[in-house]
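Please read it alongside the sequence and the coordinates.

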Amino acid sequence: MSKKLDCFDRAILRALQKDAGLSQRELAERVGLSQNACWRRLNALRAQGLAGERTLRLDPVKLGLGLTVFVMIRTRNHSHEWLERFHRAVNDIPNVIDFYRIAGDYDYMLKILTQDMETFDQIYRTLISRVDLDTVTSCIAMEAIAANRDLPI
């Protein structure tokens, strides 16, 4: 279990969430701590698994991935073998950037980023050829109003 986060820990995580490339000095200045105190806290946050490695957010539209599709899937088969095959099939499709097991009318939700409808159709055909599914419903995103938001810490 991780220790309770104080205002400095939260400030460190918020600052790094905005810019993981901050130098130790810049981070310490932003959160109002000495470099040594900030470094100790950051190492403790990493040890707890709260802060991972540096990453970079890419712009999917500028990379030619301007179509976002949310795919809702319902299945009647929940056997261990089917689940393993389904997870492998989905994880083998690089355009699936988020994959959730959900509650409600559907069992799974995928977020797929792709170039266009033709490419999405190829992804869809690949998925349904690899595993037996009961219902597949796709929702095309017309506009990303709020995406990749920072965590509310």
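## Cavity and pockets

The largest cavity has a volume of about 30 Å³. The model is predicted, so local features need pLDDT of at least 70 and side-chain atom pairs count only at pLDDT 80 or more, while totals for chains, interfaces and linings use all residues. Residues are numbered from 1 along each chain as its sequence is written, and side-chain values use heavy atoms, with hydrogens and water left out.

On a 1 Å grid over the protein atoms alone, a cavity is a set of points where a 1.4 Å probe fits but cannot get out; a pocket is an open set with protein on both sides within 12 Å along at least five of seven lines; and lining residues have an atom within 4 Å of a point. Grid points are joined across faces, edges and corners, and a volume is the space filled by probe spheres set on the points.

The search of the whole structure finds 1 cavity of 30 Å³ or more. Its lining consists of Val71, Ile112, Phe120, Ile123, Tyr124, Leu127, Val136 and Ser138. Helix and strand names refer to DSSP runs numbered from the N terminus, with helices (H or I) of at least four residues and strands (E) of at least two. Both α5 (117-130) and β4 supply at least two residues of the cavity lining, and α5 has the largest share with 4 residues.

For the classes in the table, Ala, Val, Leu, Ile, Met, Phe, Trp, Tyr, Cys and Pro count as nonpolar, Asp, Glu, Lys and Arg as charged, and the others, Gly among them, as polar.

| Space | Volume | Lining by class |
|---|---|---|
| Largest pocket | about 630 Å³ | 13 nonpolar, 5 polar, 8 charged residues |
| Second largest pocket | about 510 Å³ | 16 nonpolar, 3 polar, 4 charged residues |
| Largest cavity | about 30 Å³ | 7 nonpolar, 1 polar, no charged residues |

The largest pocket holds about 630 Å³ of space. It is lined by 26 residues, and those closest to its centre are Leu13, Leu16, Gln17, Ala20 and Glu53. Two or more lining residues come from each of α1 (7-18), α2 (24-31) and α3 (35-47). Of the elements, α1 gives the most to this lining, with 4 residues.

The second largest pocket is lined by 23 residues, and Thr68, Lys111, Leu113, Ala147 and Asn148 lie nearest its centre. The elements that give two or more residues to this lining are the strands β1 (67-74), β2 (96-101) and β3 (108-114).

## Aromatic rings

Rings of Phe, Tyr and Trp (its six-membered ring) pair if their centres lie within 6.5 Å; planes under 30 degrees apart count as stacked, over 60 as edge-to-face and the rest as tilted. By this rule there are 6 aromatic pairs. One of them joins Trp82 and Tyr108, a tilted pair at 6.4 Å centre to centre with 45 degrees between the planes. Trp82 lies in helix α4 (residues 80-91) and Tyr108 in strand β3, so this pair ties together parts that are 26 residues apart in sequence.

Phe99 and Tyr108 have ring centres 5.9 Å apart and planes at 35 degrees, so this pair is tilted. Trp82, Phe86, Phe99 and Tyr108 form one aromatic cluster.

Buried means under 20% relative accessible area, exposed over 50%, and partly exposed in between (1.4 Å probe, protein chains only). Trp82 is buried, as is Tyr108 at 3% relative accessibility, whereas Phe99 is partly exposed at 25%.

The charged end of Arg74 sits over the ring of Tyr106, 4.5 Å from its centre. For this, NZ of Lys or CZ of Arg must be within 6 Å of the ring centre and within 35 degrees of the ring normal.

## Single residues

Most residues other than glycine have a negative phi. Asn148 has a positive phi, near 55 degrees. Asn148 lies in the segment after β4 (135-140) and is exposed, with a relative accessible area of 52%.

Asn95, in the loop between α4 and β2, is buried at 18% relative accessible area. Contact means heavy atoms within 4.5 Å. Not counting residues up to four places away in sequence, Asn95 touches Leu65, Lys111, Ile112, Leu113, Thr114, Gln115 and Ile123.

Asp98 lies in strand β2 and is partly exposed at 26% relative accessibility. The C-alpha atoms of Asp98 and Lys111 are separated by 5.0 Å, and the two residues are 13 residues apart along the chain.
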